[in-house]
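Let's walk through this model together, one region at a time.

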Amino acid sequence: PVIIRRSDYRAPDWLVPEIALDFTLDAQSSRVRARLSVTRNGAHDRPLRLDGDGLVPREVLVDGRALNAADYALEDGALVVPLTGEKHVVETLVDISPAANTQLMGLYASGGLLCTQCEAEGFRRITFFPDRPDVLSRYHVRMEADRKLYPVLLANGDPVGAGELEGDRHWAEWNDPFPKPCYLFAMVAGDLACNADSFTTLSGREVKLGIWVKENDLPRTGHAMTALKHSMAWDEKVYGREYDLDVFNIVAVADFNFGAMENKGLNIFNSRYILADPDTATDMDFDAVEGVVAHEYFHNWSGNRVTCRDWFQLSLKEGFTVFRDQSFSADMGSPPVKRIEDVRALRAAQFQEDAGPLAHPVRPESYMEIGNFYTATIYNKGAELIRMMALMLGEKRFRQGTDLYFDRHDGQAATCEDFVRAMEDGGDIDLRQFRLWYEQAGTPRVKALLAHNHASGEARLILRQTIPATPGQPVKQPMAIPIRIALFDRASGKHGGDTLLTLTQAEQEFAFTGFDTPPILSINRGFSAPIIVETERSQDELAFLSAHDDDPFARYEAMQQLMVNTLVGDVAGHPLDDAPVIAAIRDTANDSALDAAFIAEAIRLPSESYLGDQMAIVDPDAIHAARDRLQAKIGKALEPLWRDIHARTEANGFSLSPQARGARKLRNAALAYLAGSGAADADDLAFDQFDRADNMTERQAALAVLSNSSGEKREIALDVFYNRYSGDALVLDKWFQTQALAFHPDIVAHVKELAQHKSFTLTNPNRVRSLYGAFAANQWAFNHKSGEGYRMVADLIIALDPINPQTAARLVPPLGRWRRFDVERGEMMQNALKRILAQPGLSKDVTEQASKSLA
Ligand code: HT7
Ligand code: ZN
């Protein structure tokens, strides 16, 4: 397969300022006529090359004259047309089949709808076009379709005409005045109902808002609409960015490879990020809807008005937009809890990626298949880079930087370098060394040593950074790392101020005066940098911070570290006293000054996979057993507390208020500890919660507890749940997911059975992820010593690849973690990868992931 390199970037040979698209839509066979106005870009004699994937040209015309097949060439699916002048009009006609498109890239059918997904390279499956983000065009789109099957016809931009045709057909025309790359093209045809609303922008323009879904789903669109309006107001207030078209439409579809897509004026969403009501969506789902609606909306500026020059710059739009959606969600809810959740997600996905064979820089140097680079590194680590710049600049100067970035690059296809330069110029800061964050993969490790001199009262903090070798990058340079610290006085429980240090050298010393007694170090407060910090703090010091640290993230982190030390000690056969952990959990849970959602986060045991990440070689069984043991001890030791919390957090009626949500989160945590304690009535309590809950947050949490149980209530609850929600795909996904994440002795057999279940299908990515994605994330189950987990996932990848290679490729990384496990498991994982690679006709997507994972 061909490797694309960043260093090979060359400006496009031909530009396409205008394109007119004419669709005659039909699920089996749709006809696409495209009229491109092309202009030569610079002095050269190269032909026009229009990308195509699986397209057969039925007609090719240049300036109205039909070409013979001998007048053009087809190379790797692309149409190559020699042209003599500076400007031409090139017209092509192709037929495509949405119904046969199981890859869900290009124009495809989903539940009776026809819809598109073009990012990253799906447009070339619709029509011949220079499918690269630096070719920006104005789009005029005409759609024609059966009026009964497809009464609603939507495309980017503003509607400019519609009408009836003979034979019960109709047409619509849309015009998008903003030049855009083809990955932002979108079109939807179907029988859809609309939640219609409006928003008045800061400058007084009225924008018509529409959320389009299947009629039955209309009552579940309210939360998404509120989120959209909040997002529009927030972007005006915080970034000074207004919406720019007269309409903004969102469509929800059931079959989607990703979360959602920011097409100009016509966002297309995986329905799981639009539909929410208390009976079917958890509080986390509500948050995800809010976050993804905001994310896609924010792309209108960070992605659409300013787009990417090439796909190596993907984090320019994704990292920045994730930072923006994270800040928005923090403002809408609890900033500390949001930060804890985001860091947990970063550590679970990105730190693992950075530590494995698929590690890559935030701005990668090469790829085989760009679809494989929609990663936690591009998105989440990319967001952390923006966050660090915002921290170093401060609010005002960061805003000066973003204002300059948007003004300077509006209407352009920009680079990560452009963004950094705008921060430097607008915010007056030197980011020369900081740029290494874009270049160097791997999570920096910072070792912190705190020395104290009684005589002088001086505390010296010595910081040492190392950045591990990653594929293609054996040696690294020291980075500029912003680290927020505070030094606590043991007697008063206070500190003299929060300090932002910038570590720039491999080793650096920072001195602080005025300490009669050795202070306690609170470090990387707020998780100011995406690094792994190693300290030599004792359990007592961590317990102190878990009670006194005024930075909520650092307080949470101290609790986590206390638990990690205890659990890792147990796994390694050096058990520590668990009394400090139990005391810290008790005191935190009883602290009336803390809000319930924070308490629920702080008292939560670290996940098995996070514990694995702390060890040189992951022992999934020992980790599982140690975590179970500690959970049981905490459960038993504090049983009255858990019972009390569980009883007093029961609500009378449903509310989405922060208090009500916090109470549910804490209630579920208490139930989990009670179940862990082995209390005789734990299953009854869980079943009662399951049965009486008026919301999915409590019902699913209770189902999760019962899924771990071997008692009779397990099957009853699973059956009740299945029957109650058998008509609701999104809730059935939860049914699969909950079982795949369970800690049940027969988990592997259960997952095997579920794969044969009548409701399981390979054609819906949500369903595949809900079973196999969840199973692969269940460290204990997936890494079962029989190797059955590896075989099952490999079989799935092989079966799914011909149907949906993108979704198949996303399941490869768990198999690539073989170096992290014992030799036997490692060999079985490698064998699974080799078996995948031996499949004839394997996609580029899976080939890239599997071959890199073996290297
Ligand atoms: N920018 C969007 C990316 C996306 C995507 C990528 C590959 C395959 C399918 C896809 N659907 C959407 C999503 C976002 O970050 O907003
Ligand atoms: Zn995005």
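## Domains, ligand and helix packing

The C-alpha centres of domain 2 and domain 4 are 30 Å apart. To their contact, domain 2 gives seven residues and domain 4 gives 12 residues. On the side of domain 2 that touches domain 4, three residues are nonpolar, three are polar and one is charged. Please bear in mind throughout that this is a predicted model.

Domain 1 covers 4–274, domain 2 covers 307–439, domain 3 covers 445–536 and domain 4 covers 725–855.

Now turn to the ligand. Which domains does ligand 1 lie between? The shell around ligand 1 draws residues from both domain 1 (4–274) and domain 2 (307–439), so the ligand lies between these two. In total, 15 residues surround ligand 1, and the closest of them are Glu119, Asn257, Phe258, Met261 and Tyr374. Two elements, strand E20 (260–261) and helix H2 (283–298), each supply two or more residues to this shell.

Glu119, which is among the residues closest to ligand 1, is joined to Ala120 by a cis peptide bond, with omega at about 0°. Ala120 itself sits in the loop that runs between strand E11 (113–117) and strand E12 (137–146). Another backbone feature to find is at Asp63, where phi is near 50°, a positive value in a residue that is not glycine. Asp63 belongs to the loop between strand E5 (59–62) and strand E6 (65–66). Both features stand out because most residues other than glycine have a negative phi, and most peptide bonds are trans.

H2 packs against helix H3 (residues 314–332) at an angle of about 135°, and their axes are 9 Å apart. That angle makes H2 oblique to H3, and the crossing of the two is right-handed. On the H2 side the contact consists of Asp287, Glu290, Gly291, Ala294, His295 and Phe298, which meet Thr321, Val322, Arg324, Asp325, Phe328, Ser329 and Met332 in H3. Sorted by class, this contact of H2 with H3 holds five nonpolar, four polar and four charged residues.

Next comes helix H4 (residues 335–354), which packs with helix H9 (residues 552–571) at an angle of about 50°, with 9 Å between their axes. This pair is oblique as well, since the angle makes H4 oblique to H9. H4 also passes H9 in a right-handed crossing. Here Pro336, Arg339 and Ile340 in H4 meet Pro552, Phe553 and Tyr556 in H9. By class, the contact of H4 with H9 has five nonpolar residues, no polar ones and one charged.

The last stop is helix H13 (residues 620–637) with helix H15 (residues 658–677). Their packing angle is about 105° and their axes lie 7 Å apart. How is H13 placed relative to H15, roughly parallel or roughly perpendicular? The angle makes H13 roughly perpendicular to H15. Gln631, Ala632, Ile634, Gly635 and Lys636 are the H13 residues that meet Tyr673, Leu674, Gly676 and Ser677 in H15. In this contact of H13 with H15, four residues are nonpolar, four are polar and one is charged.

Terms used: Residues numbered from 1 in each chain as written. Chains lettered and ligands numbered in written order. Predicted model: local features only at pLDDT ≥ 70, side-chain atom pairs only at ≥ 80, totals over all residues. Near = placed C-beta within 6 Å. Helix = DSSP H or I, 4+ residues; strand = E, 2+ residues; numbered from the N terminus. Domains from an automatic or database assignment. Axes fitted to C-alpha atoms, helices over the stretch in contact; angles between N-to-C directions. Parallel < 35°, antiparallel > 145°, perpendicular 65-115°, else oblique. Left-handed = near helix turned anticlockwise from the far one by under 90°. Contact = placed C-beta atoms within 7 Å. Nonpolar A, V, L, I, M, F, W, Y, C, P; charged D, E, K, R; others polar.
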